[in-house]
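Dear colleague,

I am handing over the structure below for your study. My notes on what was found in it follow.

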Amino acid sequence: MSLLSRPATGEATLRAGPVSVKLSLRAIVIFGVLCLVVFAGVVLNVAYGSYPVPPPAVLRTVLGLGDDTGQAFVVNTLRLPRALVAVAVGAALAVSGAILQGLTRNALAAPDIVGVNAGASLAAVSLIVAVPSASAAYLQPAALGGAFAVAALLYVLAWRGDGSPVRLVLVGIGLGAIAGAGTTFMITFGEVQQVSLALIWLTGSVYGRGWDDLYAFLPWLLVFLPLSLFLARRLNALNLGDDVAHVIGVPVRRTRALLLLTSVALAGTAVATAGTIGFVALMAPHIARQMVGSSHGRLIPVAAATGAAIVVGADLVGRAVLPQVEIPAGIVTAILGAPFFIYLLYRSRRT
């Protein structure tokens, strides 16, 4: 194994036999700083609440060095899994958005635009409203099933002919509109109690999430986050155009299918775990792109850390602004994301 450094470009190449990986020193530093921000956000999130715990005590308790059983229960059982779920959800949504924006070559793309979130919401709301006796344990599988159902329809309808990015976006908008209408129908004609529960889920929140939720989420992250990095170079090739990608040996349709599957899996599991936390998949890739550029090998990990920081921060702000009333993280991200989306629209008009 050898490391070849090029200080003039701020890049290094790691070689191990026939395999080589290009590393950006700037991206590594930025990723490290973002990880520290996420770590600080998790500590503050665990420390803050009606039963405050000093940050040093949080660290001691997590490391098993504390002797206060009540404090250990608050930290390890109630708050830490919630904060870690926020990290996982933010990272998954950000990577999903980065892949979709590269796949569609559309800076305004997000899981919402291809109907993934709408499909998950329809399935979850239908379960809550139509089957009120169903256990809450079925909510995540239902939402995930709805996301993959939309993805299957998207694959069948958008991949005929040339399978162009424009076709993908248009079909996704149509499927999202249909799923959204179905969700509205279920809410309109459901019982008041079930509708209230559905609306709470639709706002998007990590409230009440525990270790079981995190353990159910982790396998998806461990599979699809590395897969997204593996496909990063192929995604860069697709951004050059289908003809160029085909010439340099990229199987265009197969790669698109894998990228779409990866994006849907990450977004679907995030929505299934925490509801529809909007705009993270839109904001995080744009922020990361401003810091490290558009090469997906650098963009994806930095976007993941950015998304994690956004959701952890949104959850903390939602808990701190009104101590007596907890604001769901989805509302906080919507307040931040809506102006950001308008700014992107304005900038795209000027360009």
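Predicted model: local features only at pLDDT ≥ 70, side-chain atom pairs only at ≥ 80, totals over all residues.

**Findings**

F279 is found in the loop between α11 and α12 (280–292). The phi of F279 is near 75°, a positive value in a residue other than glycine. Most residues other than glycine have a negative phi.

**The chain as a whole**

The chain contains 14 helices and three strands. Its radius of gyration is 21 Å, close to the 20 Å that the globule rule gives for 351 residues, so the chain is as compact as a globular protein of that length. Along the principal axes, the C-alpha trace spans about 60 × 50 × 40 Å. Of the 351 residues, 47% count as buried. When contacts between residues at least 6 apart in sequence are considered, 70% of them join residues at least 24 apart.

The largest nonpolar core has 101 residues. Those with the most contacts inside this core are V89, L154, W201 and I277. Helix α3 (residues 69–104) supplies the largest share of the core, with 16 residues.

**Transmembrane regions in the record**

An unreviewed UniProt entry places the feature "transmembrane region" at several spans, among them residues 168–189 and 214–232. In the model, residues 168–189 are 100% helix and 0% strand, and the C-alpha atoms at the two ends lie 32 Å apart. Residues 214–232 are 95% helix and 0% strand, with end C-alpha atoms 26 Å apart. The record also gives this feature for residues 137–156.

Helix α5 (residues 139–158) has 20 residues. From its first C-alpha to its last, α5 reaches 28 Å, close to the 28 Å expected at 1.5 Å a residue. Its buried residues include L139, A142, A143, L144 and L154; L154 is also among the residues with the most contacts inside the largest nonpolar core.

In helix α9 (residues 232–239), the residues A232, L235, A237 and L238 are buried. What do the buried residues of α9 pack against? They pack against α3, α8, α10 (242–247), α11 (252–274) and α13 (296–320). Just after α9, G241 takes a positive phi of about 115°.

**Aromatic pairs**

The count of aromatic pairs comes to four. One of them joins F185 and F189: this pair is tilted, with 4.9 Å centre to centre and 45° between the planes. F185 and F189 are separated by about one helical turn because they stand four residues apart in helix α6 (residues 165–189). F189 has a relative accessibility of 63% and so counts as exposed.

W220 and F224 form another of these pairs, which is stacked, at 6.1 Å centre to centre and 15° between the planes. W220 and F224 lie four residues apart in helix α8 (residues 211–230), so about one helical turn separates them.

G176 lies in helix α6 and is buried, with a relative accessible area of 15%. Setting aside residues up to four places away in sequence, G176 touches G115 and A118. G176 and A47 are 129 residues apart in sequence, and their C-alpha atoms are 39 Å apart in space.

V271 has its place in helix α11. With a relative accessible area of 1%, V271 is buried. Which residues does V271 touch, not counting residues up to four places away in sequence? They are N117, A120, W201 and T276. Of these, W201 is also listed among the residues with the most contacts inside the largest nonpolar core. The C-alpha atoms of V271 and Q193, 78 residues apart along the chain, are separated by 22 Å.

Yours sincerely

Key. Residues numbered from 1 in each chain as written. Heavy atoms only, no water. Core = buried A, V, L, I, M, F, W, Y, C linked by side-chain atoms within 4.5 Å. Buried < 20%, exposed > 50% of the residue type's maximum accessible area, 1.4 Å probe, protein only. Phe/Tyr/Trp six-rings, centres within 6.5 Å; stacked < 30°, edge-to-face > 60°. Expected span 1.5 Å × (residues − 1). UniProt positions renumbered as here; feature names shortened; annotations may be inferred. Contact = heavy atoms within 4.5 Å. Rg over C-alpha atoms; globule rule 2.2 N^0.38 Å.
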